[in-house]
Amino acid sequence: MGWRILKTNYRTPYGEADIVAQDGDTVVFCEVKARLTDAYGSAAEAVERHKQRRYTDIARHFLQRAGQELPVRFDVLEVYPGGVNHIPAAFDACFPRGRY
């Protein structure tokens, strides 16, 4: 997709982000969820509020360490036996105007 991968398995005191990438001037935090089937719901549905809050904290931590105010986005990558489904902006965070 032309992104620059900044970190994989980025660990913080708040949890781990599967992928941190740069898409233009936006920092993208990606949760990767794998499923064999969607019999019990889609992979994206497994990224519930608790996980979304953790990703928000992870993003704040990352941006504070970077010392920059950057636009952020939270994506989900659903991995199924037949391929990958990319869901951009799968959820929002509590950043004013999408920035930290």
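The following is a conversation about what the terms used for this predicted model rest on.

Colleague: What are the ground rules for the residue numbers and the side-chain values?

Modeller: This is a predicted model, in which local features need pLDDT of at least 70 and side-chain atom pairs count only at pLDDT 80 or more, while totals for chains, interfaces and linings use all residues. Residues are numbered from 1 along each chain as its sequence is written, and side-chain values use heavy atoms, with hydrogens and water left out.

Colleague: Why is Glu31 called buried?

Modeller: Buried means under 20% relative accessible area, exposed means over 50%, and partly exposed is in between, with a 1.4 Å probe and protein chains only; Glu31 has a relative accessible area of 3%, so Glu31 is buried. Glu31 lies in strand S3, where strands (E, at least two residues) and helices (H or I, at least four) are DSSP runs numbered from the N terminus.

Colleague: What does Glu31 touch beyond its neighbours in sequence?

Modeller: If residues up to four places away in sequence are not counted, Glu31 touches Asp18, Val47, Lys51, Tyr55, Asp75, Val76 and Leu77, a contact being heavy atoms within 4.5 Å.

Colleague: What makes the approach of Glu31 to Tyr55 a polar contact?

Modeller: A polar contact is a pair of N or O atoms within 3.5 Å, where within protein one must be able to donate a hydrogen and the other to accept it, and where residues adjacent in sequence count only if both atoms are side-chain atoms. The side chains of Glu31 and Tyr55 make such a contact at 2.6 Å.

Colleague: How do you know that Glu31 and Lys33 form a salt bridge?

Modeller: The term asks for a side-chain nitrogen of Lys or Arg within 4 Å of a carboxyl oxygen of Asp or Glu, and the side chains of Glu31 and Lys33 meet at 3.6 Å, N to O. The structure holds six salt bridges, and another of them joins the side chains of Arg73 and Asp23 at 3.2 Å, N to O. That pair links distant parts of the chain, with Arg73 in strand S4 and Asp23 in strand S2, 50 residues apart. Asp23 has 28% relative accessibility, so Asp23 counts as partly exposed. Salt bridges that share partners join Asp23, Arg73 and Asp75 into one network.

Colleague: What makes a set of residues a nonpolar core, and which members touch the most others in the largest one?

Modeller: A nonpolar core is a set of buried Ala, Val, Leu, Ile, Met, Phe, Trp, Tyr and Cys residues joined through side-chain atoms within 4.5 Å. Of the 15 residues in the largest nonpolar core, Ala17, Val20, Val27, Phe29, Phe62 and Phe74 touch the most other members. Strand S2 (15–23), strand S3 (26–34), helix H1 (49–66) and strand S4 (72–80) are the elements that give two or more residues to this core, and H1 gives the most, with five. Apart from this core lies another, of six residues, including Trp3, Ala21, Cys30 and Leu77.

Colleague: Why is the pair of Tyr10 and Phe62 called edge-to-face?

Modeller: Rings of Phe, Tyr and Trp (its six-membered ring) pair if their centres lie within 6.5 Å, and planes under 30 degrees apart count as stacked, over 60 as edge-to-face and the rest as tilted. The structure holds five aromatic pairs. The rings of Tyr10 and Phe62 have centres 5.4 Å apart and planes at 85 degrees, so this pair is edge-to-face. The pair links Tyr10 in strand S1 with Phe62 in helix H1, 52 residues apart, and both Tyr10 and Phe62 are buried. Phe74 and Phe91, by contrast, form a stacked pair, with 5.0 Å from centre to centre and 20 degrees between the planes.

Colleague: How do you know that S4 and S5 pair?

Modeller: Two strands pair if DSSP finds at least two bridges between them, and six bridges join S4 to strand S5 (residues 83–91), the two running antiparallel. S4 and S5 form a hairpin with two residues between them, and Val76 stands opposite Ile87 in S5.
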